[in-house]
Amino acid sequence: MNNLNKRNKAETRFKLYGISAVIIAITFLFVLLFNIFSSGVSAFKASYIGVKIEIPSAMNIDEINPRKEFKRQVLKMFPEVETRSDKRALLSLFSKGAIYEFEDLLEQSDSNGLDGYYWFLAHGDLDMYIKGTVERRGNEAGRINSKRMTFVDALREQNLIQLQANKYLLSSADSREPEMAGIRGAIVGSLYAILIAFIVSFPLGVLSALYMEKLASRNKFSDIIETNINNLAAVPSIVFGLLGLAIFLNFFSLPRSAPLVGGLTLAVMTLPTIVIASRSAIKSVPPSIEEASIGLGASKIQTLMNFTLPLAMPGIMTGTIIGIARALGETAPLLMIGMVAFVVDVPGTPLDPSTALPVQIFLWADSPERAFVERTSAAIMVLLLFLVLLNLAAIYIRNKLERKW
Amino acid sequence: MTELLYIALFILASYSFMVNKGRAASLGKFNTLHSQPYYHGLYSSILIFLPAIILLIFWSSIQNIMTNLSIRDFFVDVSDPGLIKFYIDSVINYSNGVSSKIIEHDGFMPAVEKYSSLTYTSTILKVIVVTGLSIILLRASIKVVTVDFKARDYVESMFTTLMKFSSVIAIFVTIGIVLSLLFETLRFFATVNVFDFLFGLHWSPQTAIRADQVGSSGSFGAIPVFLGTILISIIAMLVAVPIGMYSAIYLSQYASETVRTYAKPIIEILAGIPTVVYGFFAVITVAPFFRDLGDKISPGTLSGESAIIAGSVMGIMIIPFITSLTDDAMNAVPGSLKEGSLAMGATVSETTRQVIIPASFHGIVASFLLAFSRAIGETMIVVMAAGFAANLTLNPFESVTTVTVQIVGLLTGDQEFDSAKTLSAFALAFVLFFLTLILNIIALNMVKKYREQYE
């Protein structure tokens, strides 16, 4: 009986290990996601400073020097400020982007004059203090020294520092100033690369799967192709990057850092995934349908094109989307072909230098500037959103369109 | 100009499709034709398109070679081949308006003019030849439409060729990988001894800026790099194997159907998260956590680049590889074995340990091997969370470097392509490629074995 007790205890223990393993794995996932989300949410807001702008309608906008005028308007709010260093401290609370915003404001005003409080982007240092990323010690907080802090306190007293929606994060490209940095350029670069990867790898993958599954005779050669594809699927992604570097950049002299080369490299990487998924989808189409088509006089190719392929398409699409989603999150091969450059423009064509979303995350994560931490998390949130959307599409296709025979 | 040519080709091909389809349809009743009108149309489109495309590809590669040769003449006085290539690229970029950089060399502006005029002539000639060819083919294809013409057979055989070509691409890719790595690796071994590379204990690829500097040659003993890679991968396996194995056991042996349908996909999400995200997580969350932990024991024991940080995060990443594959392997074990054991009075845990695991042993080992190969080849986590300096140590609390970190470090940023430093990255990649290849082949064979065993 003692023995049985022992065995039952061992059984409970074993089961407990299993449950805790599952719970630990799931906990890891949630800790990871929670960490990213909790630090990234704040990046969707940015600090803005309210400035009372008064420009009489009689004034000709073309004659205004925006930089000087902006300084004048800001300094007007604090008439007591006299020394140069104080003035500089006050103006340093604004981002460089504030001047551009002021220019836009002037253009929009259409010579009607301006009167009232308008909001301008604050400097990254101030933004971090407002969000509580850096703590206040006495009269200082991070890079906000006591001189700057007196202005911050004065502005806050009048409720002239506010957190508003971050206009830059999703609409501009990378920048040296954290408060002005955005991921638009990276998203566009990624989309170009993914599009090219899809255009290249999808037809090649589907055609080769069709051939291997339906037309190739079983011999040594087809075995080699098969092992080859299975092994390619497990080659480390960085090796594909080196392939891209050696073939596309050094041999074909395609432009460095371009989404075109990134897309081609990712296409080579995604190809095995698409072939494997397509083969299993094609294999699951019942032979009776094909035989019926052949029996009615259709040729082999007609049967494949009119029956096998359309019936296998949902399965093929599911596999392709999953492969493309993986390519979207891939960073290492893109580093190898030089998509790590600091690019301040949104790429217009797939031949322009660009980064990709995961590479942008890498670049920001590497930056010593602390203000980039929350932006990195925000960029990750956007990347994960894209991945979730792609995977939902794959799940939808699998559940709704795929037929079980 | 070239874009216009493509558009013209497209229009011509569509036109011939419509014309030939119409002609075939008007030839006779449907059942007298060998092929449907549609195939006659397709045949003529392909006849126009294919030669034109092949001609265009040949033309541009020959044009590239010819223009390069002719502008090379302007730089005969330059002796360095690397510099000549740079000059030629600059000329091409300047002429195409890609960059506005002008090289300080007497031959530069004449070369630009020569290049532009050559390209212009070639393009004009290309347009004339290709359009002419297409029009001739268009006329020829119209004549060919008869009742007996086997348009379908031709179209289908061309299509089959295309399919064959697609399936050979995978082989081309593998050959491309091997050749591109091998070529640079051999160049590397021309300057560095193979045995020094494989068995040397000191890795510092920095070559000196000045030639007369002391210790300028750099040393390429890769053992510390390999050891670092293996150390981090083993730490990852120590995290992933118990968690992955026990989750697989729980999911396949204990869990109810509902738990299974939800828990398994959730665990698999871990594999779908991009590795750069794990890298960021390692730097921002895990590194401070371990540092604080280390400081409690004795301050300063852990740096932010300790092997254990990258290793444990990588372990989280590879959990799902082990869980899914092990789960599959355990589910492939025939129910009769399991039921037999249970009927004899064994508990589920005894059955699992003594029947299921031995029966699915091949699959489980295969999952370990695949996870290990994934860990060796993983790049972003270690690039962000592990060190760059190569230390010869097995202490998990010290900073080590890995093969992938070195490759990224050596090949990003400013580089001359011929130095031993950059070439060493290819040698490392070559070793990495073969190591993972061998692991994969063994693992795939094992998976095949267990599949065959119970089918």
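Me: How many Å separate the centres of domain 1 of chain B and domain 2 of chain B?
Reply: In this predicted model, chain B is divided into domain 1, residues 2–149, and domain 2, residues 219–453, with bounds that come from an automatic or database domain assignment. Taken over C-alpha atoms, the centres of these two domains are separated by 49 Å.

Me: How are residues numbered and chains lettered, and which pLDDT do local features need?
Reply: Residues are numbered from 1 along each chain as its sequence is written, and chains are lettered from A and ligands numbered from 1 in the order in which they are written. Because this is a predicted model, side-chain atom pairs count only at pLDDT 80 or more, totals for chains, interfaces and linings use all residues, and local features need pLDDT of at least 70.

Me: Which helix of chain B gives the most to the side that touches chain A?
Reply: Counting two residues as in contact if their C-beta atoms, placed from the backbone, lie within 7 Å, 67 residues of chain B are in contact with 63 residues of chain A. With 18 residues, the element of chain B that gives the most to this side is helix α5 (residues 151–191).

Me: Are α15(A) and α9(B) roughly parallel or roughly antiparallel to each other?
Reply: The axes, which are lines fitted to C-alpha atoms, for helices over the stretch in contact, with angles from 0 to 180 degrees between N-to-C directions, of helix α15 (residues 357–366) of chain A and helix α9 (residues 275–297) of chain B come within 9 Å and cross at roughly 15°. The contact includes Phe362(A) of α15(A) and Phe280(B) of α9(B). Angles under 35 degrees count as roughly parallel, over 145 as roughly antiparallel, 65 to 115 as roughly perpendicular and the rest as oblique, and α15(A) and α9(B) are therefore roughly parallel.

Me: How are α5(B) and α16(B) placed to each other?
Reply: The axes of α5(B) and helix α16 (residues 420–453) of chain B come within 8 Å and cross at roughly 130°. Among the residues that meet are Leu181(B) in α5(B) and Phe430(B) in α16(B). The two helices are therefore oblique.

Technical notes
Helices (H or I, at least four residues) and strands (E, at least two) are DSSP runs, numbered from the N terminus.
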